[in-house]
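Let's walk through this one together, one question at a time. Have a look at the chain and its ligands before reading on.

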Amino acid sequence: MNDPSADPAQQKQRLRERLRFRRKHFVANLDAIARLAAFRALPQPLADLIADRDPIAAYIAWGDEPDILPMLAGLPLALPHHAGRDPAMTFRHWAADGTLAKGPWGPQQPGGDAESVRPALIFCPLVGFDRRGGRLGQGGGHYDRYFAAQSDIPRIGVGWSVQEVDAVPTESTDAPLDAVLTEQEFLLCGDRL
Ligand SMILES: Nc1nc2c(c(=O)[nH]1)N(C=O)[C@@H](CNc1ccc(C(=O)N[C@@H](CCC(=O)O)C(=O)O)cc1)CN2
Ligand SMILES: Nc1ncnc2c1ncn2[C@@H]1O[C@H](COP(=O)(O)OP(=O)(O)OP(=O)(O)O)[C@@H](O)[C@H]1O
């Protein structure tokens, strides 16, 4: 379990491995109907929160991440974009019929001609989370850097319920989530939303 002598970065890396394993098995064993239903409907409090926000940053699901695009259909969207295999991440406008290309870190991203934009709210994929808004990502610090630079943009983590832990180890560069969406609940964290 948690090794208190390890530094937070090491603790996070161990936790990532455990939670990716847990996520993989959870998704592989999901009942077909439950899988179809998961993340399909916007919970009403969340629908109220994102109304009139333009654009909303989503992501193209990668591996076992939840696919939130059906839930956001019809809304003005942006997606993360990397110009190269470095941590600098921006967001670009994307319409459902817009082109996508494989990005340098794996996930699909908008094509080169898409316009750069500042999202009004960000949905970000989670490897892990806790109920106070602690967030564990892929470990690149990509979202962390963006959140540090644009700290006023509300950020909502998205993950499967099995990705919850008691407390995500924190470092000084971590920015807490304002809310978490799982297939089971929409959880507000802190008092920004
Ligand atoms: N869907 C999606 N889009 C995203 C992210 C994400 O986590 N998910 N990102 C979040 O930053 C950014 C891209 N950066 C990424 C960095 C690492 C990995 C990743 O999955 N890396 C390894 C994990 C480590 C491993 O297996 O050792 C992998 O391929 O599984 C994915 C995206 C922007 N777009
Ligand atoms: N604002 C920042 N400026 C510089 N380095 C940063 C910043 N935020 C995070 N980092 C560095 O990025 C590395 C990865 O951070 P962390 O383990 O928190 O990633 P993560 O939150 O899981 O990943 P991501 O943000 O990509 O989802 C750490 O070494 C951290 O120090």
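Two residues are in contact if their C-beta atoms, placed from the backbone, lie within 7 Å. This is a predicted model, where local features need pLDDT of at least 70, side-chain atom pairs count only at pLDDT 80 or more, and totals for chains, interfaces and linings use all residues. Residues are numbered from 1 along each chain as its sequence is written, while chains are lettered from A and ligands numbered from 1 in the order in which they are written.

Q: Leaving aside neighbours within four places in sequence, which residues is A120 in contact with?
A: Start with where A120 sits: in the loop between β6 and β7 (121-125). Helices (H or I, at least four residues) and strands (E, at least two) are DSSP runs, numbered from the N terminus. Once neighbours within four places are set aside, the contacts of A120 are R53, D54, P55 and I56.

Q: Is A120 buried, exposed or partly exposed?
A: Count the other C-beta atoms (placed from the backbone) within 10 Å of a residue's own: 20 or more is buried, 12 or fewer is exposed, and in between is partly exposed. A120 has 16 C-beta neighbours inside 10 Å, so it counts as partly exposed.

Q: Which element gives the largest share of the shell around ligand 2?
A: Both α1 (8-28) and α4 (142-149) supply at least two residues of that shell. With 5 residues, the largest share comes from α4.

Q: How many charged residues are in the shell around ligand 2?
A: Ala, Val, Leu, Ile, Met, Phe, Trp, Tyr, Cys and Pro count as nonpolar, Asp, Glu, Lys and Arg as charged, and the others, Gly among them, as polar. Sorted that way, the shell has 4 nonpolar and 7 polar residues, and the charged ones number 5.
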